[in-house]
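Keep the coordinates open as you read.

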Amino acid sequence: MDKKDAVIYTYLPTSFKFGNEGFPFLVNANFITDAGRQQLHKDSEWNKLIFSKIPSEYLNWMKELSSTFSNYYEVLPKKSYGNNNALEETFASEMVKAINDIAFIPRANNTKSKVLASSAVMDKMGISEAISKNLLTTHINRTYNKNFSEKDFINPVWKGFKLLEDYGVFIFDKQKLKALFEDKNTFDNIDPCLDVKLIDFLFEYYLQNRSEQEELITVLQDTSFLLYEEGNLSSPHDLFFPSQYKEHNEFAEDAVFLHDAVNEHLEKNKQEFNWISQLGVEELSDITFIQNVICKSDYITEDNSIEVTRFLFESNLKHNIFDEIEDYYLSRLKFLTKHGTLEYASDLYLGSKYKPETDIEPCFGEDIFVSEDYCEDEDNISEWNLFLSKLGINNTLELRYIRLDETEDIKLLKDVKEKFGKEYNVGSWGTHFYYSFKYLYVFYAPFVLKNECSNDLLTIIWSNIFSKPFECNEDKVYGTAGFWQESRSFADLKEVNFIEWALDNYQLFPTTDGRCLPSNQVLCNTDDIKSIADKYLPVINLTNSIHESWNEVLHLRNILQIEDYLTILTEISNDEDSVEQNKERISKIYQRLVDLDCLTSSTKTQQIKEWSKSNKILSKDGIFKSPKDLSHVTLDGFSSDNHVYIGSPSNREKVISLLSLMGVRVITERNIKPSFKDQKEARELKDILKSIISPLTIVALGDKIGETSYKEKKQDLLSLLNNTHFYHCEEIRLTYGNNNDTIEKNTYGKKNEFYYTGSLRPASIEPLLTPLCKYLNIKGKERELFIMLIENYEGIRQNLEDKGYNTSLLEEDKQQDSGNIQVSLGGYNPSISDQERNTRTGFKGEILVYEKLVAMGYSPVCPTISTEEDYEQKISLNGKNYFCKSNYEKYDISFITKNGIKVYLEVKATTRDKSSQENMPISYRELSMIEECDMDDSCSYMIVRVFGIDKEKQDYYILSGHLLKD
């Protein structure tokens, strides 16, 4: 009946369908319905009783009809329609009983005789006609633990076999072929005639069932149904057509030939012969022998590996096996290691003998290096290198496919395997074939997934990989589904690529501090991070820079935080052997902490204070001490052992504030106490400065000069000078409370007082320039002040105009009659030409020493040598022009030696030759430089005496300055 009419009747049709689709027959009974007679009461005991009778009544009726109607199965009800209500539950329970008790299926040999569903066998393929029902039932009973006889066979049906199978009928179909032919007892001593009969049957079945041809081929390719020469059955893939090949290849003795009688039958039937070839039987040759015999997982052994691989090598020279054989087969090959074990190519590496692109054997002791016995002739090393590399043995360290037979206890791989196992294929008869896992192919770094790698090896591996552009290939999992080879990519299973996951969640990386850590704990190896962190923090330990393409997948730390800098300082304090090497690092860290707002953020400020309580920092004498035991004096020259080391940070004042925050005592000018010997108030310097008040005003104003501003600034300067007491002293000494740490100074200034030592001669005025500029609030104008002190009005005006000052307001009548400092000096009054001559002699001496150092390969720095835009005198020497200006540093030239020592040079030049020179004055400035450098092993101070400046050849003498100590 039509499914749309499959409703329950209670004399008249209702709207009630049993289950979702109704019975395939009409049911009419006195059911209890609702008031509208459209629905049945599902919990009614009367209705349940009626439904409990339907299974037995119907199957008993089928018992009578099935002999007459061969399509009886088309109107059989389902075994169950669900368990959604009491009526469905009642029917399902009684249906099971009825199927087990009522024999309603007609036997094949006698349709009048009926058999229970659980006792019936359906040969859906009809193979019993080829091998006999006796052999088939014997196999089924033995293999599936049944108890069938020949009389239990029923006629095969197509449309209803799934329903009958659900009832309990045993269905023999093509999916059970493999088990049949693997049952050695069934085909023990099978003769060629029976095998030919089997082949004919299967071929005929193949031709008649076009919809199943592809599936049948897949099944038969791995089914042992072909008789081979020794009288047993084998699968097509394991067989070859008979030939003379074995006589020419001693290794081919394991190749199996199809039985001659079977082969003769096939040669008479070319269509059947071609079909057997399609299933996998091939002519035996070097290529097919390698592919179908050698590439089997159990062919190569520890005993035959050397000879077989040499055979592969020779065959490749003749045939190029890599063009003829797919990688799938070659990847199954195993090779002997130097220690005598067999491993897959992807797990091996070429040892030093084979001259790999990257030789790792010297630094790796694991058994991963391929045996050296393969290559007998040293002249063939390069050929063997290429051959073994093509077979998949690692020759260099780069990303490649790694075969994993197990998930290696890695979460992602476990998840992939689990998802793979839930996939299935549906056969032509609706059978579900679930995937069975075999192995994984992941694109990753070699060795690290299967071996314990040392830090040194990991450094080599990841240095090679990360230096090249990132590439990501598809990862796959392989297995079988029934008789099919199946694979799925990780993307198919909705999983990320393995390498991207592993870099974040699995891999450990070698670090510069000797550890192996996950990526989120490892710092990137940028030049900046290495210069700071180096061996004190976990920086990834690579020999190369990381290619920028890895930035998206390799999530290393690339920013140092306050905690990192403090950790480095702690580690440095424990590394007393590297104090000198770490000085620049310490200075840089102080600057970085300032840049991280450690002086303004209350949280960070507290963090610095807490750290300082239990840690040490470097003092100037190279010893690590608690910050509270150290001090810093903002004035140069003090040398106590307890002074903190600062170095040369770019923001010195803020670094000093940071050290103060740590607990370092910071001593400023306010803490300095001066002492003066034989101080006497002197008016000479005050009068000289007042005499040049006009040019001083112009220099102080710079480009902001105007009549009003000129008058105001001039008055301010006059007021400052008038209110200042100038004192001449025999000695000025400064201290901050530590009597063991005092310094001698040339000048000292405070409000309304200015102290100085020495005479006011031009040769001695230089030490006064910087302090006077600071006192007069014209910092950086030492050169201008020097000219004012030694030149007359015209000389001052010309110099100011050369410097770009507006001299329109310069007052001449305010100058003393003598014009400059020379008058106050008494006996010393050199002419302008003498002054210029002395200056030029000094410039020439510095130029000559500078050029000699350059010729010696150094990179000297000479502040005197300037540019055409900023100079005082132009010097022509040895065919070159030099633009020179006054230098107010404590030295003339500096340079770095090859040993890292910074050398300061003071050049003393003269036009005289060495034989006529009687003395060479040494200034206090030069003596103080000797003292400073003698206390610092990283620098040295020397005086270079140059004789005969204006001669063709000069004499140079180097005098090394040292302090004589007790």
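**From cavities to cores**

Leu 569, Ile 572, Ile 586, Tyr 590, Lys 616, Ile 617, Leu 618 and Phe 624 line the second largest cavity. This is a predicted model, in which local features need pLDDT of at least 70 and side-chain atom pairs count only at pLDDT 80 or more, while totals for chains, interfaces and linings use all residues. Residues are numbered from 1 along each chain as its sequence is written, and side-chain values use heavy atoms, with hydrogens and water left out.

A cavity here is a set of points, on a 1 Å grid over the protein atoms alone, where a 1.4 Å probe fits but cannot get out; lining residues have an atom within 4 Å of a point. Volume is the space filled by probe spheres set on the points, with grid points joined across faces, edges and corners. The second largest cavity has a volume of about 30 Å³. Helix H20 (562-573), helix H21 (579-595) and strand E23 (617-618) each supply at least two residues of its lining. Helices (H or I, at least four residues) and strands (E, at least two) are DSSP runs, numbered from the N terminus. By class, this lining has 7 nonpolar residues, no polar ones and 1 charged. Ala, Val, Leu, Ile, Met, Phe, Trp, Tyr, Cys and Pro count as nonpolar, Asp, Glu, Lys and Arg as charged, and the others, Gly among them, as polar.

The structure holds 2 cavities of 30 Å³ or more.

Now step back to the whole chain. It has 31 helices and 39 strands. Its radius of gyration, taken over C-alpha atoms, is 51 Å, well over the 30 Å that the globule rule (2.2 Å times the number of residues to the power 0.38) gives for 966 residues, so the chain is more spread out than a compact globule. The C-alpha atoms fill a box of roughly 155 × 90 × 55 Å along the principal axes.

What holds the most nonpolar contacts? A nonpolar core is a set of buried Ala, Val, Leu, Ile, Met, Phe, Trp, Tyr and Cys residues joined through side-chain atoms within 4.5 Å. The largest such core has 54 residues; Tyr 444, Trp 462, Phe 466, Phe 498 and Trp 550 have the most contacts inside it. Among the elements that each supply at least two residues are strand E16 (400-404), helix H16 (411-421) and strand E18 (432-444). E18 gives the most, with 7 residues. Tyr 444 touches residues including Arg 400, Ile 402, Leu 449, Trp 462 and Phe 498, not counting residues up to four places away in sequence. Contact means heavy atoms within 4.5 Å. A second, separate core of 44 residues includes Phe 148, Phe 172, Phe 187 and Leu 258.

In helix H15 (residues 381-390), Ile 381, Trp 384, Asn 385, Phe 387 and Leu 388 are buried. Their cover includes helix H12 (305-319) and helix H13 (321-324). After H15 comes Gly 392, whose phi is positive, near 110°. Ser 234 lies in strand E10 (residues 233-234). Ser 234 counts as buried because its relative accessibility is 9%.

Definitions and conventions
On a 1 Å grid over the protein atoms alone, a cavity is a set of points where a 1.4 Å probe fits but cannot get out, and a pocket is an open set with protein on both sides within 12 Å along at least five of seven lines; lining residues have an atom within 4 Å of a point. Buried means under 20% relative accessible area, exposed over 50%, partly exposed in between (1.4 Å probe, protein chains only).
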